[in-house]
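Visitor: I have a structure I'd like to go through with you. Can we start with the overall picture and then move to the details?

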Amino acid sequence: MRKVVVIGAGHNGLVAAYNLRRRGFCVSVLEASNKIGGMADTSEIFGVKVSRASYVLGVMPKPLVELFEIPVIEQDPYEVIVYEGKPIALWKEKQRRRKEFEKAGIERYSEFEQTLLNFKEVLKKFTFVTKPPSREEVLEEAKKVGAEDFLLKSCEALLSRYLPKELHYSFYYPGMNNSSAYLVAYFFAEWQVVKGGMGAVAQSVFKKALEIGVEVRLNTKVERILISKDRVLGVEADGKKFEADIVLSTASPVATASLLCHAPNFRFEAGKSNWRKHNVILKSYPKPPDVIKGYLNSLIDLESMGAGEIVFPSLCDDTLGGKVLNVMGELEPLFELFPDLKDCIKVVDTLTPKLAEKLYNLPGGNVNHLPMKEPYLFDERPKKGMGYRTPIKGLYMGGAGTYPGGQVSGVPGYNASNAVIEDFEQGEL
Ligand SMILES: Cc1cc2nc3c(=O)[nH]c(=O)nc-3n(C[C@H](O)[C@H](O)[C@H](O)COP(=O)(O)OP(=O)(O)OC[C@H]3O[C@@H](n4cnc5c(N)ncnc54)[C@H](O)[C@@H]3O)c2cc1C
C-alpha cells in the first residue's frame, strides 16, 4: 500500500487525506498546531465558541458539502447589503433578489447577475480537475455564453458598467480593483454560518477520515521534506523520519518552500496582508438600527459604509454557549451604527495577519495563502507549470495556495488528491 504524508490538518489537508484513504492509500496527516482545522477554526473564548478566522461558508461546492455532511444553517436572505441607508436583501430566489436591487435604483443589476451566473456555470466545468485550466481555456468557454468580460476586464472596470462605486466592495475585496473580474464570480456565493462554527467544517471531514483509518498527529510540525535525486522520500518532524512515497502539502506554498533545502524553483511571495477580524463576545445583543432589523440572522454587508461585514452567528446557532458577533473589518464604525454596542461587549478577540501567522503557521498571514490576483490565478497558481504537481516526483501541493484558490472550499485538497490517484493509476508513482 502506498504511504502518503499530508502536511497540515486544515480542511484541505483533511479532505485530501479522506479522499486518498478511501482509494486505498495509507495516510498520515501531520499537523503543527494542537488542533485540526487551520483557519476553519472554532475556538473557545471565555467559554464561548467562536469562528476565530473564517466565519461563513459559501464557496464549497454542493457535492463536497453533501459528501462531508457539513452542518450549514441555511438563512434566507443569506446576506443583506446596506446601501444609501437602506437594506438590499439577497434572497435565494433570484427574481426576488433582483427586485431588491431594482428597488434600490440599480437598474442594470439583473443584467450583471445573469452574465455572472452564466460565467459561474462555465467555472463549474473547471472545478473538479487534476490540472488547473489556463485562463485561455476558460476564456474560450466563457465566450460561448457571452461572459468573456469576466476574464477580459478588471473587477473595477466590469462593475463600473453595472453598479455604483459604493457597492463594488460588496462584490470583491480591496486590492483586487485591477485584477480580473473572474474574482467577482469566485466570491459570489450564498454565504451561510455553520452550526458549531467554522471548525465544524473540519470536524465533519475529520470524523469521516477517522472512520476509514486516516491517522492524524497533532503538535507535529514538519521541519523538512526529504528528497533524493528529485524524488520525495518522506518528511522529518519532531526529530523523527516519516517515510512516504507521496507527500501532499497543504501548508501555504511559502511554508512548503521553507521545508525544502535545495529547490530553486520553489520561491513564493505571500504578498502584504492588512486585515482585522474581531470576535466579540457579547453580554447582550446591541439594539439594531432600523436598516438591518429583520435581517439579523444573515451576513450583514456594511462595505458601502466602510465598516466591512458582520454576522451574529449565535442568533441562529444555539450551540455556541454565548452571544457572538464576528466583525471582518474595523470595530470603530460599528459604534456609530449600534450606539449601545460598547456597553454590550464582554470581550473582544482581535485576529491580525501577525497573529494568524503564529496561530495557523501561515507566513505573511495571507488568508488565501497566496494573493488572489494575477499572477496567481488559474494554471499560474501557485506557479505556472506546477498546479498540484511539483517538479519533485511524489511531492504535491493542495492547500489554498493552489487552484482554484483560498477560502473554505475543499476543492484544492480534493483536486490535489485526485492528481495523486491519477498519477498512481498511470504508473507514475
Ligand atoms: C480572518 C479570516 C477570515 C476568513 N473568512 C473566511 C470566510 O468567512 N469564508 C471562507 O470561506 N474563508 C475565509 N477565510 C479564508 C479561509 O479560512 C482559508 O483560505 C482556508 O481555511 C484555508 O484552508 P487550507 O486548509 O488550505 O489551509 P489552512 O487552513 O491554512 O491549513 C493549513 C494547515 O497546515 C498546518 N501547517 C503549516 N505548516 C505546517 C508544517 N510545517 N507542519 C505541519 N503542519 C503545518 C497549519 O498549522 C494549518 O493547520 C478567512 C481567513 C481568515 C484568516
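Visitor: What share of the protein chain is buried?
Guide: This is a predicted model. Of the 429 residues in the protein chain, 47% are buried.

Visitor: And how many helices and strands are there?
Guide: The protein chain has 14 helices and 19 strands. Its radius of gyration is 21 Å, close to the 22 Å that the globule rule gives for 429 residues, so the chain is as compact as a globular protein of that length.

Visitor: What box do the C-alpha atoms fill?
Guide: Roughly 65 × 55 × 35 Å, taken along the principal axes.

Visitor: Which domains is the chain divided into?
Guide: There are domain 1 (3-34 + 218-269 + 357-425) and domain 2 (108-185). Their centres, taken over C-alpha atoms, are 28 Å apart.

Visitor: How many residues of each are in contact with the other?
Guide: 16 residues of domain 1 are in contact with 15 residues of domain 2. On the side of domain 1 that touches domain 2, eight residues are nonpolar, three polar and five charged.

Visitor: Switching to the ligand. Which residues come nearest?
Guide: Gly8, Gly10, Gly38, Met39 and Ser54, out of 39 residues around the ligand.

Visitor: What classes make up that shell?
Guide: The shell around the ligand has 22 nonpolar residues, 14 polar ones and three charged ones.

Visitor: Which helix gives the most to the shell?
Guide: Helix 1 (residues 11-22), with three residues.

Visitor: Which residues of helix 9 are buried?
Guide: Gly199, Ala200, Val201, Ala202, Gln203, Ser204, Val205, Phe206 and Ala209.

Visitor: How far does helix 9 reach?
Guide: Helix 9 (residues 199-211) has 13 residues and spans 18 Å from its first C-alpha to its last. That is close to the 18 Å expected at 1.5 Å a residue.

Methods. Residues are numbered from 1 along each chain as its sequence is written. This is a predicted model: local features need pLDDT of at least 70, side-chain atom pairs count only at pLDDT 80 or more; totals for chains, interfaces and linings use all residues. A residue is near a molecule or strand if its C-beta atom, placed from the backbone, lies within 6 Å of it. Helices (H or I, at least four residues) and strands (E, at least two) are DSSP runs, numbered from the N terminus. Ala, Val, Leu, Ile, Met, Phe, Trp, Tyr, Cys and Pro count as nonpolar, Asp, Glu, Lys and Arg as charged, and the others, Gly among them, as polar. The radius of gyration is taken over C-alpha atoms; the globule rule is 2.2 Å times the number of residues to the power 0.38. A residue is buried if 20 or more other C-beta atoms lie within 10 Å of its own, exposed if 12 or fewer, and partly exposed in between; C-beta atoms are placed from the backbone. Domain bounds come from an automatic or database domain assignment. Two residues are in contact if their C-beta atoms, placed from the backbone, lie within 7 Å. The expected span of a helix is 1.5 Å times one less than its number of residues.
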